[in-house]
2 protein chains.
Amino acid sequence: MTVAGFPIWQQLIQERIEQALGSYLPAADSPPVRLHQAMRYVTLGGGKRVRPLLCHAAGEIFGAPLAALDQIASAVEMIHVYSLVHDDLPAMDNDVLRRGKPTCHVQFDEATALLVGDALQSLAFHIAAQSIPNVTAERQLDMLALLANAAGSRGMAGGQAIDLAATGQSLEIVELEFMHVQKTGQLIQAATLLGAHVGGAHPDELHNLGRFANRIGLLFQVIDDILDAEASTDALGKTAGKDAAANKATYLTLLGSKPARAFADRLCMEAHEALSSFGDNALRLHQLTDYIVVRKN
Amino acid sequence: MTVAGFPIWQQLIQERIEQALGSYLPAADSPPVRLHQAMRYVTLGGGKRVRPLLCHAAGEIFGAPLAALDQIASAVEMIHVYSLVHDDLPAMDNDVLRRGKPTCHVQFDEATALLVGDALQSLAFHIAAQSIPNVTAERQLDMLALLANAAGSRGMAGGQAIDLAATGQSLEIVELEFMHVQKTGQLIQAATLLGAHVGGAHPDELHNLGRFANRIGLLFQVIDDILDAEASTDALGKTAGKDAAANKATYLTLLGSKPARAFADRLCMEAHEALSSFGDNALRLHQLTDYIVVRKN
């Protein structure tokens, strides 16, 4: 059997996720119409879907059913999308461009953007609570707790709070790392672990994937920092140069360009190493790791 | 055995809930400190705890363990508190007073208030996903789905969107009812049903409690409308006269004062009737129904 190349696999999963998200979101003509239109506007038709790709790639190690992975990956992606909508609000990053389109509060209004984020978070947990074939209800409760923890004040929302407090402050590299582990790392780790849970992974396997995801989360952020400084707004689909404009500490400002690239290389190597026990079954995770490094947006 | 009077029972449950909420919330000195302080500021030390009281009262019909009821009631209350924090934001109701204290964005800042709401919602689902003695994991997943649905775009967040869209518009009474069923009714119903689930209620029992909770939800809102117009800011602990100032349709403006009171009386009677099959076991729900009518804030 020949295995499809990475770009083909990536596109296949992205299409599956687009379809799944569309089916979970309320119809655009069901009331409240404006809210549901806005929920679909921010969720559909864009994004790299890095978290769903990680979820699928991890699940494939264990031969997890694709439909079950679509389900849990959709829940994770909705948590991610809600955080983008709230982060873009005037009280936070005050951004006007996201995934190449006007941000939610620009296209609709602030109150709608606030409610869109709130409702997407609820919907994510609703999806994650629907029964998953071959997954015991006990394991699914653990998965829900994992997702809730990754999203909350000790995860993503907490990282955002640290980020806000740190803007304009000088940070140590360990503080920067702590912030990113919370702000983006935990949800990336959750996406990976949830995919493995769907496949019935054992504790030692989850442990190794947790180590992998920790490196991937940081790697993703280091590359993000480099792209923010070096790529164009057009290429990114979001405002470039925001970190410098906001006087934010980044891996680039703390380390410099060449050491930041070297740090990324080391994280990339450690991520690959963490997958060693899975052999060829981890092909997609290896490919995803390389993709995260070479991506242009 | 003598049964404690309602005020004593109410205070006992309120104290239990205060304690439970405090134990579930991250410590005020754990990072991110400002976020955790703000989460505790908005959640602790105030509020009538109507939803936890309903949850306990419904659970007591079936002899549910109090600690398990504390757990699920805390999850519901956190969903409620997060919605208050977001509703008070300048982009929404722009309010400065809540439970007799400055609102979160006034006491802290807008970005913190946004994240407090987000993190409280995550924490609510984290609490609801922790195992509950004597409740099967399958039932608990159903309970999580119920809570998520009540909070989302077809429940509380959706009702808030309809409310925003309706401000300044003329509404029919059926539209007003639809808005309130979503905005407050569904979470009140969820609180009641979740308490019953913890006690192992059967489908027909849940059905009757659902009917009860539907009437209670509307009753609560009619009385809220009357209090907003007739009580003082001091007595309410939140800004009085907001509906009129915002030119909002309310039961009072649509029906007039006397018919609104008569409507409340009818709802109150129907709520009591819906409990008939539970006999004396529903004592606390009967008492709560009367309390909702005579409350002063």
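What follows is a short chat about a predicted two-chain model.

Q: What kind of model is this, and how are residues and chains labelled?
A: It is a predicted model, in which local features need pLDDT of at least 70 and side-chain atom pairs count only at pLDDT 80 or more, while totals for chains, interfaces and linings use all residues. Residues are numbered from 1 along each chain as its sequence is written, and chains are lettered from A and ligands numbered from 1 in the order in which they are written.

Q: How many helices and strands does chain A have?
A: Chain A has 15 helices and two strands, where helices (H or I, at least four residues) and strands (E, at least two) are DSSP runs numbered from the N terminus.

Q: And how much of chain A is buried?
A: Buried residues account for 52% of the 297 residues in chain A; a residue is buried if 20 or more other C-beta atoms, placed from the backbone, lie within 10 Å of its own, exposed if 12 or fewer, and partly exposed in between.

Q: Why is α4(A) said to be largely enclosed?
A: Because 19 of the 22 residues of α4(A) are buried, that helix is largely enclosed by the rest of the structure.

Q: Switching topic, how do the axes of α3 and α15 of chain A cross?
A: The axes of α3 (residues 50-61) and α15 (residues 283-294) of chain A come within 7 Å and cross at roughly 150°, with axes being lines fitted to C-alpha atoms, for helices over the stretch in contact, and angles running from 0 to 180 degrees between N-to-C directions. The two helices are therefore roughly antiparallel, a label for angles over 145 degrees, whereas under 35 counts as roughly parallel, 65 to 115 as roughly perpendicular and the rest as oblique.

Q: Which residues meet there?
A: Leu53(A), Leu54(A), Ala57(A), Ala58(A) and Glu60(A) of α3(A) meet Arg284(A), Leu285(A) and Leu288(A) of α15(A), contact being C-beta atoms, placed from the backbone, within 7 Å.

Q: Where is Leu218(A), and what is it in contact with?
A: Leu218(A) is in helix α10 (residues 203-230) of chain A, and, leaving aside neighbours within four places in sequence, Leu218(A) is in contact with Glu177(A), His180(A), Gly185(A) and Leu267(A).

Q: Buried or exposed?
A: Leu218(A) is buried, with 24 other C-beta atoms within 10 Å.
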